[in-house]
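Here are some friendly notes to read alongside the structure. Keep the model open and follow the points one by one.

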Amino acid sequence: MLNPSLLLYAASVAAAPLTDGVCDEYAALGAERTELGGGQSLWTHVDDDYVWFCFPVAAGDLGTVDLQLRAPALDQEINLHVSAQLGEWPVAQPELAPDNAQSERWWNNRGWIANAERVNGMNLDGERPRYRFRPSEGRELQLSRARFGSGQWQLRWEIRGITDSNGQRGSIHFPPGDGYHPLMVQ
(Lines give C-alpha, C1' and ligand atoms only; values in the text may rest on other atoms or scores of the structure.)
Protein backbone atom coordinates (compact mmCIF):
# COMPACT_ATOMS: atom_id res chain seq x y z
CA MET A 1 0.00 0.00 0.00
CA LEU A 2 1.27 3.47 -0.89
CA ASN A 3 1.99 5.93 1.87
CA PRO A 4 -0.56 8.80 1.62
CA SER A 5 2.07 11.38 2.60
CA LEU A 6 4.22 10.25 -0.35
CA LEU A 7 1.25 10.67 -2.68
CA LEU A 8 0.67 14.16 -1.31
CA TYR A 9 4.35 14.98 -1.84
CA ALA A 10 4.28 13.63 -5.41
CA ALA A 11 1.17 15.70 -6.19
CA SER A 12 2.78 18.86 -4.83
CA VAL A 13 5.97 18.24 -6.82
CA ALA A 14 3.95 17.95 -10.01
CA ALA A 15 2.29 21.32 -9.37
CA ALA A 16 5.07 23.74 -8.44
CA PRO A 17 8.26 24.02 -6.42
CA LEU A 18 8.19 24.84 -2.74
CA THR A 19 10.50 27.73 -1.86
CA ASP A 20 12.35 25.72 0.77
CA GLY A 21 15.92 25.78 -0.52
CA VAL A 22 15.79 22.27 -1.95
CA CYS A 23 16.19 21.91 -5.73
CA ASP A 24 15.23 18.21 -5.96
CA GLU A 25 11.81 18.73 -7.55
CA TYR A 26 12.98 20.84 -10.50
CA ALA A 27 14.08 17.99 -12.75
CA ALA A 28 10.71 16.23 -12.30
CA LEU A 29 8.96 19.48 -13.27
CA GLY A 30 10.91 19.66 -16.53
CA ALA A 31 12.63 22.86 -15.41
CA GLU A 32 15.35 24.40 -17.56
CA ARG A 33 18.88 23.84 -16.32
CA THR A 34 21.56 26.45 -17.09
CA GLU A 35 25.27 25.98 -16.47
CA LEU A 36 26.63 29.04 -14.67
CA GLY A 37 30.29 28.03 -14.73
CA GLY A 38 32.53 26.63 -12.04
CA GLY A 39 30.42 23.48 -11.91
CA GLN A 40 27.38 25.43 -10.71
CA SER A 41 23.96 25.10 -12.34
CA LEU A 42 20.71 27.04 -12.05
CA TRP A 43 17.22 25.57 -12.39
CA THR A 44 14.43 27.78 -13.81
CA HIS A 45 10.74 26.87 -13.69
CA VAL A 46 7.95 29.07 -15.08
CA ASP A 47 4.21 28.65 -14.69
CA ASP A 48 1.23 30.97 -15.23
CA ASP A 49 1.84 32.89 -12.00
CA TYR A 50 5.49 32.58 -10.93
CA VAL A 51 9.09 32.11 -11.98
CA TRP A 52 11.29 30.02 -9.69
CA PHE A 53 15.08 29.82 -9.63
CA CYS A 54 17.10 27.32 -7.62
CA PHE A 55 20.77 26.42 -7.44
CA PRO A 56 22.45 23.87 -5.18
CA VAL A 57 24.69 25.12 -2.39
CA ALA A 58 27.51 22.87 -1.15
CA ALA A 59 27.88 22.21 2.57
CA GLY A 60 29.59 25.16 4.20
CA ASP A 61 28.81 27.57 1.35
CA LEU A 62 26.52 30.58 1.71
CA GLY A 63 25.31 31.15 -1.84
CA THR A 64 24.15 34.71 -1.23
CA VAL A 65 22.68 36.43 -4.27
CA ASP A 66 22.41 39.76 -5.99
CA LEU A 67 20.17 39.39 -9.03
CA GLN A 68 19.94 42.39 -11.34
CA LEU A 69 16.67 42.16 -13.20
CA ARG A 70 15.13 43.96 -16.16
CA ALA A 71 11.54 42.86 -16.75
CA PRO A 72 8.57 44.13 -18.80
CA ALA A 73 6.53 45.40 -15.84
CA LEU A 74 9.44 47.30 -14.25
CA ASP A 75 10.11 50.91 -15.13
CA GLN A 76 13.76 50.52 -14.06
CA GLU A 77 16.25 47.73 -13.44
CA ILE A 78 16.26 46.45 -9.86
CA ASN A 79 18.62 44.46 -7.69
CA LEU A 80 17.12 41.60 -5.67
CA HIS A 81 19.35 40.72 -2.72
CA VAL A 82 19.28 37.42 -0.82
CA SER A 83 21.50 36.76 2.19
CA ALA A 84 20.42 36.56 5.83
CA GLN A 85 17.99 39.32 4.83
CA LEU A 86 16.03 40.13 1.67
CA GLY A 87 15.85 43.48 -0.01
CA GLU A 88 15.54 45.29 -3.33
CA TRP A 89 16.62 48.62 -4.77
CA PRO A 90 17.05 50.26 -8.18
CA VAL A 91 20.38 49.35 -9.78
CA ALA A 92 20.85 52.98 -10.82
CA GLN A 93 20.42 54.12 -7.20
CA PRO A 94 22.77 52.00 -5.07
CA GLU A 95 22.49 54.60 -2.31
CA LEU A 96 19.00 53.16 -1.63
CA ALA A 97 20.52 49.79 -0.67
CA PRO A 98 20.56 49.05 3.06
CA ASP A 99 23.81 50.38 4.52
CA ASN A 100 23.98 47.96 7.46
CA ALA A 101 22.29 44.89 8.96
CA GLN A 102 20.03 47.06 11.15
CA SER A 103 18.70 49.17 8.27
CA GLU A 104 14.95 49.63 7.89
CA ARG A 105 15.49 49.22 4.13
CA TRP A 106 15.60 45.42 4.47
CA TRP A 107 12.51 43.29 3.91
CA ASN A 108 11.04 45.55 1.23
CA ASN A 109 10.68 42.61 -1.17
CA ARG A 110 7.37 42.92 -2.99
CA GLY A 111 6.18 40.19 -5.32
CA TRP A 112 9.12 37.89 -4.61
CA ILE A 113 10.52 35.70 -1.87
CA ALA A 114 13.62 33.59 -1.33
CA ASN A 115 14.99 31.31 1.33
CA ALA A 116 17.31 33.56 3.30
CA GLU A 117 20.32 32.33 5.24
CA ARG A 118 18.90 30.53 8.25
CA VAL A 119 20.07 31.84 11.61
CA ASN A 120 20.73 28.88 13.90
CA GLY A 121 21.68 30.38 17.25
CA MET A 122 24.68 32.42 18.24
CA ASN A 123 28.31 31.86 19.07
CA LEU A 124 28.75 33.47 22.46
CA ASP A 125 32.48 32.92 22.85
CA GLY A 126 34.55 36.01 22.23
CA GLU A 127 33.99 39.71 22.78
CA ARG A 128 30.68 39.96 20.98
CA PRO A 129 28.05 37.42 20.03
CA ARG A 130 28.01 36.32 16.38
CA TYR A 131 25.19 34.69 14.48
CA ARG A 132 25.61 31.07 13.51
CA PHE A 133 24.02 30.01 10.21
CA ARG A 134 22.56 26.64 9.31
CA PRO A 135 23.62 25.53 5.82
CA SER A 136 21.00 25.27 3.09
CA GLU A 137 20.95 22.66 0.34
CA GLY A 138 20.14 25.35 -2.18
CA ARG A 139 19.18 28.95 -2.73
CA GLU A 140 15.71 29.40 -4.16
CA LEU A 141 13.82 32.46 -5.37
CA GLN A 142 10.16 32.79 -6.39
CA LEU A 143 9.13 35.86 -8.43
CA SER A 144 5.56 36.87 -9.19
CA ARG A 145 4.68 37.44 -12.83
CA ALA A 146 2.00 39.89 -11.63
CA ARG A 147 4.81 42.14 -10.36
CA PHE A 148 7.46 41.58 -13.04
CA GLY A 149 5.37 40.87 -16.13
CA SER A 150 5.47 38.46 -19.03
CA GLY A 151 7.83 38.71 -21.96
CA GLN A 152 11.61 39.07 -22.14
CA TRP A 153 13.41 39.21 -18.80
CA GLN A 154 17.10 40.08 -18.58
CA LEU A 155 19.06 38.61 -15.66
CA ARG A 156 22.53 39.14 -14.27
CA TRP A 157 23.50 36.95 -11.31
CA GLU A 158 26.21 37.40 -8.70
CA ILE A 159 26.38 34.40 -6.37
CA ARG A 160 28.84 34.79 -3.49
CA GLY A 161 30.36 32.38 -1.00
CA ILE A 162 30.21 29.41 -3.37
CA THR A 163 32.77 26.67 -4.00
CA ASP A 164 33.55 25.88 -7.63
CA SER A 165 34.39 22.52 -9.17
CA ASN A 166 38.10 23.12 -8.41
CA GLY A 167 37.42 23.57 -4.69
CA GLN A 168 37.99 27.33 -4.81
CA ARG A 169 35.57 29.49 -2.85
CA GLY A 170 34.52 32.78 -4.37
CA SER A 171 31.81 34.35 -6.52
CA ILE A 172 30.11 33.39 -9.74
CA HIS A 173 29.03 36.10 -12.16
CA PHE A 174 26.53 34.95 -14.78
CA PRO A 175 26.75 35.71 -17.50
CA PRO A 176 30.43 36.65 -17.32
CA GLY A 177 31.24 40.28 -18.10
CA ASP A 178 28.61 42.99 -18.35
CA GLY A 179 25.97 41.06 -20.29
CA TYR A 180 22.55 39.78 -19.28
CA HIS A 181 21.02 36.33 -19.60
CA PRO A 182 17.69 36.44 -21.45
CA LEU A 183 14.68 34.55 -20.15
CA MET A 184 11.43 34.45 -22.09
CA VAL A 185 8.54 34.36 -19.62
CA GLN A 186 5.41 33.39 -21.56
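Predicted model: local features only at pLDDT ≥ 70, side-chain atom pairs only at ≥ 80, totals over all residues.

1. Residues are numbered from 1 along each chain as its sequence is written, and side-chain values use heavy atoms, with hydrogens and water left out.

2. Asn109 is buried, with a relative accessible area of 17% (buried means under 20% relative accessible area, exposed over 50%, partly exposed in between, with a 1.4 Å probe and protein chains only). A polar atom of the Asn109 side chain lies 2.9 Å from the backbone oxygen of Trp112. Leaving aside neighbours within four places in sequence, Asn109 is in contact (heavy atoms within 4.5 Å) with Leu86 and Glu88.

3. Next, look at the largest nonpolar core, which has 30 residues. Such a core is a set of buried Ala, Val, Leu, Ile, Met, Phe, Trp, Tyr and Cys residues joined through side-chain atoms within 4.5 Å. Phe53, Leu69, Leu143, Phe148, Trp153 and Trp157 touch the most other members. Among the elements giving two or more residues are strand 3 (50-56), strand 4 (64-70) and strand 11 (151-163), and strand 11 provides the largest share, 5 residues.

4. Apart from neighbours within four places in sequence, its contacts include Val51, Leu69, Leu143, Phe148 and Leu183.

5. A second, separate core of 6 residues includes Tyr26, Ala31, Trp52 and Cys54. Trp52 is buried, at 2% relative accessible area, whereas Tyr50 is partly exposed at 33%.

6. Which residues form the disulfide? Cys23 and Cys54 do, with their sulfur atoms 2.0 Å apart (the cut-off for a pair of cysteine sulfur atoms is within 2.5 Å). Cys23 lies in the loop between helix 1 (4-15) and helix 2 (25-28) and Cys54 in strand 3, so the bond ties together parts 31 residues apart in sequence. The torsion about the S-S bond is about -80 degrees, so this disulfide is left-handed. Both Cys23 and Cys54 are buried.

Methods
Helix = DSSP H or I, 4+ residues; strand = E, 2+ residues; numbered from the N terminus. Polar contact = N/O pair within 3.5 Å; in protein donor to acceptor, adjacent residues only side chain to side chain.
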